[in-house]
Amino acid sequence: MKVIHILTSVWRFYRDGFRNMTWGRTLWLVIMIKLFIIFVVLRLFFFHPALSGMSDKEKQNKVGENLIEKIK
Amino acid sequence: MLDTSLIDWSRAQFALTACYHWLFVPLTLGLAVIMGTMETLYVIKKDDFWKRAARFWMKLFGINFAIGVATGIILEFEFGTNWSNYSWFVGDIFGAPLAIEGILAFFMEATFIAVMFFGWNKVSKSFHLTSTWLTGIGATLSAWWILVANAWMQHPVGMAFNPVTVRNEMTDFSAVAFSAAPAMKFLHTVSSGWLTGCVFVIGVSCWFLLKRREQPMAKASIKVAAIIGLFSALFIMFTGDQSGLQMAKNQPMKLASAEGLMDGGKNMPFSVVPGIKIPGMLSVLATHDINGYVPGINDLINGYTDPITGEKHLSADQKMVKGRLALNAFRDFKKYEKTDQAKKDSAQLVLNKNMKYFGYGYIKDKHELMPKSKIVLVYWAFRFMVGIGVFLSLVMVLMLWFGRKDKLENNRWLLYTALYSIPLVWIAGQCGWILTEVGRQPWAIQDLLPLSAAVSGVESSSVVITFFLFLLLFTALLVAELTILLKAIRKGPEPIVESK
């Protein structure tokens, strides 16, 4: 019962906090737009990690080859 | 435009992202101390005046935090895309600090920032005050782990290169996290953030005084910020001095570049600006001894013997030979890794012996180690950083002096000076990073990996496109921040809400 009471209090704390926001609403909007641009637009369409989709073994081989190739 | 090299565009993109990110971080660190101090005064003095002041600066902290949060994530995207060789090469060293940063500090901030903003009159004063300080400490701890990673790139310690995995593996966590280089870098950088917050608070408070609004709060804020700011400035001088010692020891080429010092010697003068020198000062700064020996760029390129210790230092050509030995040994190791144990072991021996110079194997011409553009840039970056720091310290002394006599409003020139000095503290911070990062070129990791080996084989056109996308995104965020911040400042502090 005590745990439930604590969880309910925490839930109410956050709920009331978000409900009573004034400046916070604008800021959350900015944060959401920014996160969408960073994680959806930039991450999905523009940033493709060069070693993604490889196993660790493949990554170490690839980087090893790259480092040796750049000696020339 | 698209003809410019991949390395240059990748560097430009990283620099742009890091510079924009660093617009938000120092203000977060600085305002955290100001609002924590004011709330502490509120709890101790039980005076709602301090609560109102703390809440006002807290609101500005919240705006800056919200706009700046996650802007650093893009740097991690760039590591994976543009600097994949580097990312894999440093993996374990970077992985640990960044993971700790993500888990510990981020969740600490996220938890306590909610209590700080939502908890007024809902939790006890002491719990709220603790949350406010823990929010600031969380932000500071975030900075700690990032700066540990950066310090390692300047002075790689506590690791061993594993040619099988092609990664540096951590062998000594305390050396990576707590040795002098990361400690000084952390303290110097964080205290520069405190100074940023103080200069911002003083400037905004001066605006209120100029507008004849909120005078008691503005004067009290100036007093608190000037005291913390002066303490920060003194601390920055101490940690800057210690960082100088570290630079002289671990990155002498960066120090020589920052001084434009071609030929070294004992009892070397410090160049204030071209044509004005302080005798012996450079030796004092670099060695804490007026007769200390400081090598110049030519000494570092041609090799030298320290006349005081008798220690011999290799020339760039000798280091390049050893670097080539290390790289060839690494190539042989990979070639015979699965086919010839004896040749593999032999290659590993040579590699281990010359690993310290691994990166020099990629240097084609020793003049790559001292590009002239770098010397001009770091020379002036250092002087702007120090000059602005001294000027801002003077402004804060004057603020305290006239504030003590209650004559701030009578000296409108000082109020205008402080108001228009706000951007200077950011310029000083950016100059500090230019000194740190441009000064160590051409290295991604000092002596181990030059940029030419660290960069990925991506199309430079794609880097150019993302460069301009970032420019747009960050400029939009900056405009959003300034617009919301100015609106909040114009509105001023909220009326006092009845305390519990």
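**Note on the predicted A–B complex**

1. The interface between the chains comes first. The contact takes 38 residues from chain B and 29 residues from chain A. Two residues are in contact if their C-beta atoms, placed from the backbone, lie within 7 Å. On the chain B side, the elements giving two or more residues are helix H2 (48-68), helix H3 (73-82), H4, helix H12 (316-336), helix H17 (451-454) and helix H18 (460-491). Helices (H or I, at least four residues) and strands (E, at least two) are DSSP runs, numbered from the N terminus. That side of chain B divides into 24 nonpolar, 10 polar and 4 charged residues. Here Ala, Val, Leu, Ile, Met, Phe, Trp, Tyr, Cys and Pro count as nonpolar, Asp, Glu, Lys and Arg as charged, and the others, Gly among them, as polar.

2. Provenance and conventions. This is a predicted model, in which local features need pLDDT of at least 70, side-chain atom pairs count only at pLDDT 80 or more, and totals for chains, interfaces and linings use all residues. Residues are numbered from 1 along each chain as its sequence is written, while chains are lettered from A and ligands numbered from 1 in the order in which they are written.

3. Confidence. The predictor gives the complex an ipTM of 0.87 and a pTM of 0.92. Per residue, pLDDT is the predictor's confidence, from 0 to 100. Chain B averages 91, with 98% of its residues scoring at least 70. Chain A averages 87, and 99% of its residues score at least 70. In chain B, the lowest mean is 80, in helix H4 (residues 84-118), and the highest is 97, in helix H15 (residues 412-420). Among the elements of chain A, H2(A) has the lowest mean (86) and helix H3 (residues 56-69) the highest (92). Where pLDDT is low, the predicted coordinates should not be read in detail.

4. Helix H2 (residues 23-46) of chain A packs with H18(B) at about 175°, the axes 12 Å apart. Axes are lines fitted to C-alpha atoms, for helices over the stretch in contact, and angles run from 0 to 180 degrees between N-to-C directions. H2(A) and H18(B) are therefore roughly antiparallel (angles under 35 degrees count as roughly parallel, over 145 as roughly antiparallel, 65 to 115 as roughly perpendicular and the rest as oblique). H2(A) contributes A:Trp23, A:Thr26, A:Val30, A:Lys34, A:Ile37 and A:Phe46; H18(B) contributes B:Thr466, B:Leu469, B:Leu473, B:Leu477, B:Ala480, B:Ile484 and B:Ala488. The residues of this contact divide into 10 nonpolar, 2 polar and 1 charged.

5. Domains of chain B. Domain 1 covers 18-250 + 374-440 + 459-491, and domain 2 covers 286-362. The bounds come from an automatic or database domain assignment. The domain centres, taken over C-alpha atoms, are separated by 37 Å. In chain B, 5 residues of domain 1 are in contact with 9 residues of domain 2. Helix H8 (residues 215-250) of chain B supplies the largest share of the domain 1 side, 3 residues. That domain 1 side divides into 4 nonpolar, 1 polar and no charged residues.

6. H1 against H5 in chain B. The axes of helix H1 (residues 6-45) and helix H5 (residues 125-154) come within 9 Å and cross at roughly 160°. That makes H1(B) roughly antiparallel to H5(B). H1(B) passes H5(B) in a left-handed crossing. A crossing is left-handed if the near helix is turned anticlockwise from the far one by less than a right angle, and right-handed if clockwise. Among the residues that meet are B:Val25, B:Leu29 and B:Gly36 in H1(B), and B:Leu129, B:Trp133 and B:Gly136 in H5(B). The contact of H1(B) with H5(B) divides into 10 nonpolar, 8 polar and 2 charged residues.

7. H7 against H16 in chain B. Helix H7 (residues 180-210) and helix H16 (residues 422-438) pack at about 165°, with axes 8 Å apart. H7(B) and H16(B) are therefore roughly antiparallel. The crossing of H7(B) past H16(B) is left-handed. Contact residues include B:Phe200 and B:Gly203 of H7(B), and B:Trp426, B:Gly429 and B:Gly432 of H16(B). The residues of the contact of H7(B) with H16(B) divide into 6 nonpolar, 5 polar and no charged.

8. Backbone points to check. Most residues other than glycine have a negative phi, and most peptide bonds are trans. The bond from B:Gln441 to B:Pro442 is cis, with omega near 15°. B:Pro442 lies in the loop between H16 and strand E9 (443-445) of chain B. B:Arg212 has a positive phi, near 55°. B:Arg212 is in the loop between H7 and H8 of chain B.
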